[in-house]
Amino acid sequence: MNIRDAQEFDLPAIVAIYNAAIPTRISTADLEPITVESRRAWFHQYNPQKRPLWVLEIDQKIAAWINLTSFYSGRPAYSATAEISIYIAPQYQRQGYGKLLVKHVIEACPRLGVTTLLAMYFDHNMGSRQLFESLGFQSAGHLSEIAVLDGQQRGLIIAIRRVEPTPLSIGE
Ligand SMILES: CC(C)(COP(=O)(O)OP(=O)(O)OC[C@H]1O[C@@H](n2cnc3c(N)ncnc32)[C@H](O)[C@@H]1OP(=O)(O)O)[C@@H](O)C(=O)NCCC(=O)NCCS
């Protein structure tokens, strides 16, 4: 098992994992499968120093991905705030990998310059709710009836977790 920076050749696997989540109507507001080509520009926004996209490899297969995106289109005053997205392939869910990856992100925050993490998930996404709450995220907002999925009104939870910046050592 290995967590590493995603490479462009991982994009088909990243997109396949995302597409597997769309029909569940629990995870994302996308309603139709996306294409690899449509995600190339998205892929190139990532930057391992500030806004990483990591993949989890298990037995040489991509089992999951997690990334950080800048909040509110990257406006400078929000530079220490980032949003987490996480997608685990169905066959690897509920085996602790979500927790492992979110912990990995939390631990990396000081070197990424992130002091506030946000997670946004539908209020009926029990897996995300449990995962993020178990790692210290707290609901900071609930936007009720903000999405329509197969004719059903759904709400969105915005959860927040602060991360202490690494203290400067004496002399820095
Ligand atoms: C939500 C998701 C990231 C959770 O990751 P995971 O690897 O399956 O979760 P873990 O095995 O690490 O479990 C973490 C906790 O959540 C709980 N959990 C996981 N899936 C759950 C579910 N479907 N219902 C209720 N609880 C669930 C686990 O029991 C565990 O609880 P604990 O901390 O009390 O032990 C994963 O299921 C996933 O990728 N789902 C589809 C995509 C998605 O919804 N992404 C989030 C979009 S915001």
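Let's start with a network: salt bridges link Arg-4, Asp-10 and Glu-57. A salt bridge here is a side-chain nitrogen of Lys or Arg within 4 Å of a carboxyl oxygen of Asp or Glu. Before going on, a word on the model: it is predicted, local features need pLDDT of at least 70, side-chain atom pairs count only at pLDDT 80 or more, and totals for chains, interfaces and linings use all residues. Residues are numbered from 1 along each chain as its sequence is written, and side-chain values use heavy atoms, with hydrogens and water left out.

Back to the charges. Side chains of opposite charge can pair when their charged atoms come close. By the rule I gave, the count is 5 salt bridges. Take Glu-57 and Arg-4, where N to O is 3.1 Å. Glu-57 lies in strand E2 and Arg-4 in strand E1 (residues 2-5), so this pair ties together parts that are 53 residues apart in sequence. Strands and helices are DSSP runs, numbered from the N terminus: E, at least two residues, for strands, and H or I, at least four, for helices.

Are Glu-57 and Arg-4 buried or exposed? Both Glu-57 and Arg-4 are buried. Buried means under 20% relative accessible area, exposed means over 50%, and partly exposed is in between, using a 1.4 Å probe and protein chains only.

Next, Arg-40. Arg-40 forms a salt bridge with Glu-8, and their closest N and O atoms are 2.8 Å apart. Arg-40 sits in helix H2 and Glu-8 in the loop between E1 and H1, so the pair ties together parts that are 32 residues apart in sequence. Arg-40 is partly exposed, at 28% relative accessibility. Glu-8 is partly exposed too, at 31%. Arg-40 also meets Glu-37 in a salt bridge, 2.9 Å from N to O. Glu-37 is exposed, with a relative accessible area of 54%.

Now the rings. How many aromatic pairs does the structure hold? It holds 11. Rings of Phe, Tyr and Trp (its six-membered ring) pair if their centres lie within 6.5 Å; planes under 30 degrees apart are stacked, over 60 edge-to-face, and the rest tilted. Trp-42 and Trp-65 have ring centres 5.5 Å apart and planes at 75 degrees, so their pair is edge-to-face. Trp-42 is in helix H2 (residues 40-44) and Trp-65 in strand E3 (residues 61-70), so the pair ties together parts that are 23 residues apart in sequence. Trp-42 and Trp-65 are both buried.

Phe-132 and Phe-137 make another edge-to-face pair: 4.9 Å centre to centre, with 70 degrees between the planes. Phe-132 is buried at 3% relative accessibility. Phe-137 is buried as well, also at 3%.

One aromatic cluster is formed by Tyr-18, Trp-42, Tyr-46, Trp-65 and Tyr-87.

Last, helix H1. Which residues of H1 (residues 11-21) are buried? They are Leu-11, Ile-14, Val-15, Ile-17, Tyr-18 and Ala-21. These residues cover an arc of only 160 degrees around the axis, which puts them on the same side of H1. The arc is that of the directions from the helix axis to the C-beta atoms.
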